[in-house]
Amino acid sequence: WSSDVCSSDLLRIRQNGLDIDVFPARLLAGHTDDHVLYRSDDNSLLQTNLVRHVDEVVNAGRGRETRLLKAWFQQHEVKAPALYVDFLVPEKLLCDVKPHKDSLQNNFMHMLRKIAQRDFNPLLEDLADPANDENLFSALMTSEDKKRAIRSAQQAMMARNLASIIG
């Protein structure tokens, strides 16, 4: 349990050119898919269903956008827990984007515009764990990191082109 499973610096493995985040977790005895994750930042446990998470994230079909946002957060030194970002993208940032209008570039810009909002900012809203409503994924990201993400997105909105945003 020495890894902080709720931070952006999870145990990361590079396989065939891909970075893969690994969640150290324990399967709960007597439960088929429930797991316990240790959070070293506040020395607590998070009980959730990782199998359900994987299914929901894959079914959301926003993997490319999620990976791009995680990379952008990392570039701007925003610590954003993978569990949170995996659900933030489809549930809050792209929930109003219709599939027939899908474009990675447009979707990325749409996400940045939402993160840059002064009012009704998705980063400042609660986002519950769909597998355990006692967990708030939104609470896994610190308010300082949320502020850093908002400031970075606001600065990005002043850029002239996408290359200067993701540089």
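This is a predicted model: local features need pLDDT of at least 70, side-chain atom pairs count only at pLDDT 80 or more; totals for chains, interfaces and linings use all residues.
Residues are numbered from 1 along each chain as its sequence is written, and side-chain values use heavy atoms, with hydrogens and water left out. Local features need pLDDT of at least 70, side-chain atom pairs count only at pLDDT 80 or more, and totals for chains, interfaces and linings use all residues.

Start with α2, residues 63-75. Helices here are DSSP runs of H or I with at least four residues, numbered from the N terminus. α2 has 13 residues and reaches 18 Å from its first C-alpha to its last, close to the 18 Å expected. The expected span is 1.5 Å times one less than the number of residues. After α2 comes Glu77, with a positive phi near 55°.

Which residues of α2 are buried? They are Glu65, Thr66, Leu69, Trp72 and Phe73. Buried means under 20% relative accessible area, exposed over 50%, partly exposed in between (1.4 Å probe, protein chains only). Arg67 and Gln74 are exposed, on the face turned away from the buried side.

The cover over these buried residues includes α3 (82-93), α4 (104-116), α5 (143-156) and α6 (162-166). Contact means heavy atoms within 4.5 Å.

In α3 lies Leu83. Leu83 is buried, at 3% relative accessible area. Leu83 and Leu140 are 57 residues apart in sequence and 8.7 Å apart in space, C-alpha to C-alpha.

Notes. Helices (H or I, at least four residues) and strands (E, at least two) are DSSP runs, numbered from the N terminus.
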